Amino acid sequence: MVYHVILNANAGTANAIGVTEDELEALFSANGLEATIDARSAVPMQERIDAAMASAAEVIVAAGGDGTITALAAALVGSDKGLAILPLGTVNALAKDLKIPLELPEAVAALATGVSQRIDVGEVNGRVFLHKVVIGLIPGVAAAREHIRGRRDAGAKIGFLRHFFRRLARARRIAVAMQTSDGATRVERVQAVAVSNNAYDEGPGQFFSRQSLDRGTLTLYVLSHFTVFDFIRLTTGMLLGRWRHDQVLTVDSVTSVTITTRKPLIKVMFDGEVEMLETPLAFKTRPLALSVIVPAATDMLATAAIVEAAGGPTP
């Protein structure tokens, strides 16, 4: 197996611990893996991705955060190359869902025995996403978070919390029309709407984690209102594992949904990054469209879950 690694040295963890090209080369060599390391931080990411796709590598490795992974996944969908992840971001959401080790040496070592597994991706207006797209209150809060990214001082965190609760107190609902895959259309005034690739799990301490990424569905989360008291109650529900039936939230499983607003452009949180998208927002699922390299144990767990769901014995 030949690997081509795209290192985003500006990603959260990569920047904090100072990951270098030489360090990655040494880790891959120590595990008997052949890899080309692209650490050209001054070169535009799309140019680096194009070079990776044109290479002879069978697996392209995203050594960075969720933004790097999503950008690379968009190029890999429909190709004969696989995606591997070295979780060097701040959140590392997909790596956690796929049970990839979060420590760099362990993550590289896991590639040596890793196996290929196909997962779903979501698509909105022709663009691939791996986690979720959110409109409404949340993108505005996320935009404020960008101003303190990389800062660990107490002042920055206190300032963000003050901004967050001030936004909650002043937030206004927006009118949206949502047409789902069954043809039904509903018009509501909402605080926020999220469309996720597959469903987030409910259980004690489960914060936006997914055990399954191959169900072939999107999940529509509609937040009707969101006061400070709603935030406290919903957060407590997440800690206790009982959040899906909260009074301010409705949850629907769909294969496609179109969301229309009055504005031709709307701010969204797209896999953790804040940007503007044209409306209407046309979402659909692309089942098993992406090949990812996961630890062998993760693949065994997925197989066991499929067998159990089918009524057979688990190994």
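Some ground rules before I start. The model is predicted, so local features need pLDDT of at least 70, side-chain atom pairs count only at pLDDT 80 or more, and totals for chains, interfaces and linings use all residues. Residues are numbered from 1 along each chain as its sequence is written, and side-chain values use heavy atoms, with hydrogens and water left out.

I begin with the sheet. It is open, has six strands, and runs in the order β12-β11-β10-β7-β14-β15 with antiparallel pairing. Strands here are DSSP runs of E with at least two residues, helices are runs of H or I with at least four, and both are numbered from the N terminus. Two strands pair if DSSP finds at least two bridges between them. At the edges stand β12, residues 249-254, and β15, residues 273-278; each has a single partner strand, so one side of each has no neighbour in the sheet. From one strand to the next, the twist averages 25°. For such angles, axes are lines fitted to C-alpha atoms, for helices over the stretch in contact, and the angles run from 0 to 180 degrees between N-to-C directions.

Look inside the sheet at β10, residues 192-197, and β11, residues 218-223. These two strands pair in the antiparallel sense over six bridges. Which residue in β11 is the bridge partner of V195? The partner is L220.

Next, the aromatic pairs. Rings of Phe, Tyr and Trp (its six-membered ring) pair if their centres lie within 6.5 Å; planes under 30 degrees apart count as stacked, over 60 as edge-to-face, and the rest as tilted. The structure holds five such pairs. In one of them, F129 and F270 have ring centres 6.3 Å apart and planes at 75°, so this pair is edge-to-face. F129 sits in strand β6 (residues 127-129) and F270 in strand β14, so the pair links distant parts of the chain, 141 residues apart.

The cut-offs are under 20% relative accessible area for buried, over 50% for exposed, and partly exposed in between, with a 1.4 Å probe and protein chains only.

Another pair, Y221 and W243, is tilted, with 6.0 Å centre to centre and 35° between the planes. Y221 lies in strand β11 and W243 in the loop between α9 (228-240) and β12, so the pair ties together parts that are 22 residues apart in sequence. Both Y221 and W243 are buried. Ring pairs also link F129, F270 and F283 into a cluster.

Last, the backbone. Most residues other than glycine have a negative phi, and most peptide bonds are trans. D271, in the loop between β14 (265-270) and β15, is not a glycine but has a positive phi of about 50°. D271 counts as buried, at 5% relative accessibility. L288, in strand β16, also has a positive phi of about 50° and is not a glycine. At 41% relative accessibility, L288 counts as partly exposed. Where is the cis peptide bond? It joins T279 and P280, with omega about 0°, and P280 is in the loop between β15 and β16 (281-294).
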